[in-house]
Each structure stands twice: as structure tokens, then as C-alpha cells.
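Colleague: I would like to learn how to read a protein model feature by feature. Could you walk me through one?

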Amino acid sequence: MFKKITYTFIFSVLAINSFSQNNSGEIHGDFDLNMQSYQEDELIGAEAADEIILNNAYLNINYTKGDFVAGLRYESYLNALMDFDDNYKGNGIPFRYASYTVDGLEVTAGNYYEQVGSGLIFRSYENKGLGADNAMDGIRLKYSPLKGVYLKSFIGKSRTYFTYSDGIIRGADTEVNINEALNLESKTRIIIGQGLVSRFQADINPKFKLPQNVAAYSTRLNIINGGWNYSGEYAIKLNDPVGSLTTEGNNYANGNALMSSLNYSKRGFGIVAEMHRVDHMEFRSERAAEKQYIINYVPTLTKQHTYTLLALYPSATQTEGEFGTQIDVFYKIKKGSLLGGKYGTKIIFNFSRINALNGGSSYLNDNKEHNPMFISTLGEELYYKDINLEVYKKINKKIRATGVIAKQSYNKDILEGKTPGTYGIVESTIAIADISYKIKKGHTVRIELQELLANGGEGSWSMGLAEYTISPHWFFAVQDMYNYGNEDASKKLHYINLNIGFIKGANRFEIGYGKKREGIFCVGGVCKLVPSSNGLNFNITSSF
């Protein structure tokens, strides 16, 4: 099937290119190539690859002419990088689409990414870093029949590697901006939304009568008044037993999730208070246990750290059950004050806590029924806690500095799926200093020092990074992570990485060499295990 699609769309691209040369249409796109060698390193547990080099490559081509858009993505895995699933193998065009808009109606045929609300009941997206891509293949319609009223509907199957899942996904969403729809002149703006998604999959279970149609729906509200902004969404997923081919593991309970956020901001000050509750809320494109079939998204309620040691123990959303709270406070000390100095000082405080639901997630079968309390108190099992303070300061025209201090608690058994009692909770304190110095025009050196003191896990770490940038073309970096606090003396190792990059116009080249530790890599609460590696890596990105 994919070979036929590939040939068809190659000819389509050639035809589009020929057509665009004689018309006002435009072609744009981008290219991304990642290559890496893998050498055996027994000390860090890195395995050698059979091939000298593994690679992932992507080429996107998009054509636009007025209200018509078409495009495709060619992907190559020969063979895929080790932190990708083995099912990503070979070449093909798994993503191709055509879309046009006429009289307010937008029609898309082929592949597309879509989201309902915040994603609690449906989110189709791509993230190369996670190796995730559950693009839909089918039809999508968007229409605004009245001012302030926005409708969309879609049907299709979600991508799984180079094939599609068995389930057929149907969805519809309505969003109404009350002020626009009623022509209200008010300082308070109100937006409401309602979404519905269902999956059809034939019941072939010889022992149980399983639901062939499984629905999920959500209601959302957004109220904005001056500096105040409230948003909330509540979702319910009907029973969707996963253990469908066995006599064990079937759970017929409904799932539900609530997200709520209140924030206030004015010049120099902002505060955000959030909470969410998730209970048995994983939704899949077919009746299977593998995570590649997940089609909804429950974002984590923790700060997304970019510094290496702050992100060493990331929080992974527990869709089977968790209760979380978070608060962010931003404040800028004014220029000219005692603490603000000549340029002012930015301070960000963050606190987040994730814990278990009361008695665990909802469960229902012939022998057991459990419904946890709606509000789970601080007395429940802790999954994750993070308290951090960041200070940003421009010292003078040449020097900028960032300082971070954080305290984290990480339930390694729960968040990494280990046997309970194996590791327990890893307690860590992290300190970071990040200083940039502008030597002269176009020349900047940046020094990053990080320290993590831990009780449990792999013990304490130190990290140092030096980066030199010659703008706009060159950058050089050397980084060393040292696991000096590991209880196993043979694992008190340095992980050194060297990188050189060159940028010219829309092209970026980067080559590096070094070691990477095994660990959990997360983006927005979605995580994957990254294996240890030792070798050379090469990356090219380009756009046109």
C-alpha cells in the first residue's frame, strides 16, 4: 500500500512543481537528518549497532496557492536510531494531504493532526524527539456558520509506525465565543466548547461481549476579564477494557479527567494556579495495551525544565490515576531599585505536587468496584514534587546570569514502572549557575555549572558546560556530566560530549561525539526510555 502511495505522491509533487512554475503558487518545506554511530561501552551499558551508522531523515514539502494547500512528508529509517522503536524501518511517504477552503468551509483529505480542547479526549500530533507520530488518515472538515461559532469534525485511522490502527476514529467539536456570537461589548469574554470522540472496533473476543463503540466527551470553559484568565475542562471516557483477549485484567470502569487553571497578570507580575485530576483516562485507537495506540493527551502539571540536571528525574503523567496542583509566580523587580539594579531582576517561583488518587484509580469488574474520592489529599502516596526558584539578572552590557535552586522528590518505582519498593523516592537538591559573557560583537561565551545532590537513585551528579558562539555562523560546546555519587564505584563515570555547529542561512550543521546515559526523556508528561550510547552523531536541518 505504501509503495503505491509513494509513487502516486512523487508524481504529484513533480506535477505540483511544474504547475507552480507557471502559476502564483509557492512551494516550501524543510529537511531533517539525524545520523549516529553506536560503539559498545560496557561501563555505561551501551550496545554496538550492527551497522556503522543509523539514521532518521525527514523531508516535508508543502504547496500553497490561494486557499489550496497540499503536501507530503518522506521518511527514511535505515535503520532507525536506537532510541526509536524497531518498527520504524525502511522508507516511505506516510504523511500526505490536500486541503482547500471555500466560503468558510475547510476540507482536508489524507493525513492531518488535530486536537479536541486541551487533548484530554483526543490529540493527534508528531514529536520526533519522542519518536511519536499518530497522524490521522481520513477526512477533516472545519466550518464557521456564524460569527463566533467554530465547528470541526473528522474521521479516520491513526498512524502506527508505517501502518494504521484497526480502530476507526470519529470526532466532532464545537466552540462558541459568546461575545463574538452575540456582539457583546464587554470586558468579560466567555468561550465555551464541547467535544466528542468515538472509536469503532469490531468485537472478536470469544469470551466477553466488548463495546464496539467507545465514546469520550469533554466540556470546556474559558473566561477572560482584564488581567484574569480562567480555563477549565472536564472529560469522561466510557468503559474501554484493554485486556480483551484474556480472562484477567478487564476493567469496565469509566474514565474521567479535570483540568483547571486560574491566572492573573499585569506588568511585572504574574501568578498561575492549576490543578488536575486524572482517573483511568487513557484512550487508545484500538483495543491493545501498547502505548503507540494512545490517541489522547493529559499534560503533566509540572514545570518543563530545560537544564540537564533539573530534568534528570522528570514527571510522567499517570493516566490511570493522579491528583496534581501547581503554582507559578513571576515578578520583575523594577529598574533602579536596590535589588533591581540598572536593568531590573526577574524572579520565577514554581511549586508542583503530584500524588496518587485515594485508594487508586477507578475499577469495575464482576468482583471489584472502586471509585476514589474526587479530591485526594496530601496524605496520598507522593509521585512527584518540585519546588524551584529562578533568578534572571543582566549585570551589565556584557554579562547576563541565571541562578536556579530546586528541591525535587521523585517516586522512581511509580514513574518508571518498577516493582514497588525497589527504589522508593529519590530526594534531590539542585543548584545551577548560568553565565553569558559577550566578548565583543558576535562573540559570546557561556558557562553553565550544575550540581545535583541526591539521596537514592544514581546518587549525586555534577555537570559543567562551556559554549562559545561566533555569530551568526559557528558554535562550539563541551559538556561533562559526572556521576560521582553513585553507590556502585564502577559507575562513577564521566559522560563527556563535544559539539561543533555551523549555520548559514536556512541550513544548520552539527557534529558531536560523546556518551549519553540511560534515562527517561519526557516532553509534556509523555516519556520514553533512552538507552545508553557512545558514538558520533551528525545532524543537518534545512528549510526552503
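This is a predicted model: local features need pLDDT of at least 70, side-chain atom pairs count only at pLDDT 80 or more; totals for chains, interfaces and linings use all residues.

Colleague: Let us begin with the disulfide. Which cysteines form a disulfide, and how far apart are their sulfur atoms?

Modeller: The general idea is to look for a pair of cysteine sulfur atoms within 2.5 Å. Here the count comes to one disulfide. Cys522 and Cys527 form the bond, with sulfur atoms 1.9 Å apart.

Colleague: Why is the disulfide of Cys522 and Cys527 given a hand?

Modeller: The hand follows from the torsion about the S-S bond, which is about 105° for Cys522 and Cys527, so this disulfide is right-handed.

Colleague: And are the two cysteines buried or exposed?

Modeller: The cut-off to keep in mind is that buried means under 20% relative accessible area. Cys522 has 17% and so counts as buried. Cys527, at 28%, counts as partly exposed.

Colleague: Now a charged side chain. Where is Asp413 found, and what is the nearest side chain of opposite charge?

Modeller: For a salt bridge, we ask for a side-chain nitrogen of Lys or Arg within 4 Å of a carboxyl oxygen of Asp or Glu. Asp413 is in helix α3, residues 412-415. Asp413 is buried yet has no salt bridge, and Lys412, the nearest side chain of opposite charge, is 7.7 Å away.

Colleague: What does the side chain of Asp413 reach instead?

Modeller: Look at backbone nitrogens. The side chain of Asp413 reaches that of Gly424 at 3.0 Å, and a polar atom of this side chain also lies 3.0 Å from the backbone nitrogen of Gly421. Beyond four places in sequence, the contacts of Asp413 include Lys418, Pro420 and Tyr423.

Colleague: How about a polar residue in a strand? Where is Gln36, and is Gln36 buried or exposed?

Modeller: Gln36 sits in strand β1, residues 26-36, and is buried, with a relative accessible area of 9%. Its side chain has a polar contact of 3.4 Å with the side chain of Ser533. Among the other residues in contact with Gln36, leaving aside neighbours within four places in sequence, are Ile52, Leu81, Lys516 and Asn537.

Colleague: Next, the nonpolar core. How many residues does the largest one have?

Modeller: The idea is to join buried nonpolar residues through side-chain atoms within 4.5 Å. The largest core has 26 residues, and Leu309, Leu310, Leu312, Ile430, Trp461 and Met481 have the most contacts inside it. The elements giving two or more residues to this core are β23 (382-394), β24 (399-411), β25 (425-440) and β27 (461-470). Apart from it lies another core, of 19 residues, including Val214 and Phe283.

Colleague: Finally, backbone geometry. Which peptide bonds are cis?

Modeller: Check omega. The bond from Leu78 to Asn79 is cis, with omega near -25°, and Asn79 is in the loop between β3 (68-77) and β4 (90-102). Another cis peptide bond joins Ser471 and Pro472, where omega is about 10°; Pro472 is in the loop between β27 and β28 (474-482).

Colleague: Which residues other than glycine have a positive phi?

Modeller: Asp103 is one of them, with phi near 50°, and Asn183 has phi near 55°. Asp103 lies in the loop between β4 and β5 (105-112) and is exposed at 74% relative accessible area. Asn183 is in the loop between α2 (178-182) and β14 (188-200), and counts as exposed at 55%.

Technical notes. Residues are numbered from 1 along each chain as its sequence is written. Side-chain values use heavy atoms; hydrogens and water are left out. Helices (H or I, at least four residues) and strands (E, at least two) are DSSP runs, numbered from the N terminus. Buried means under 20% relative accessible area, exposed over 50%, partly exposed in between (1.4 Å probe, protein chains only). Lys and Arg count as positive and Asp and Glu as negative; His and the chain ends are not counted. A polar contact is a pair of N or O atoms within 3.5 Å; within protein, one must be able to donate a hydrogen and the other to accept it, and residues adjacent in sequence count only if both atoms are side-chain atoms. Contact means heavy atoms within 4.5 Å.
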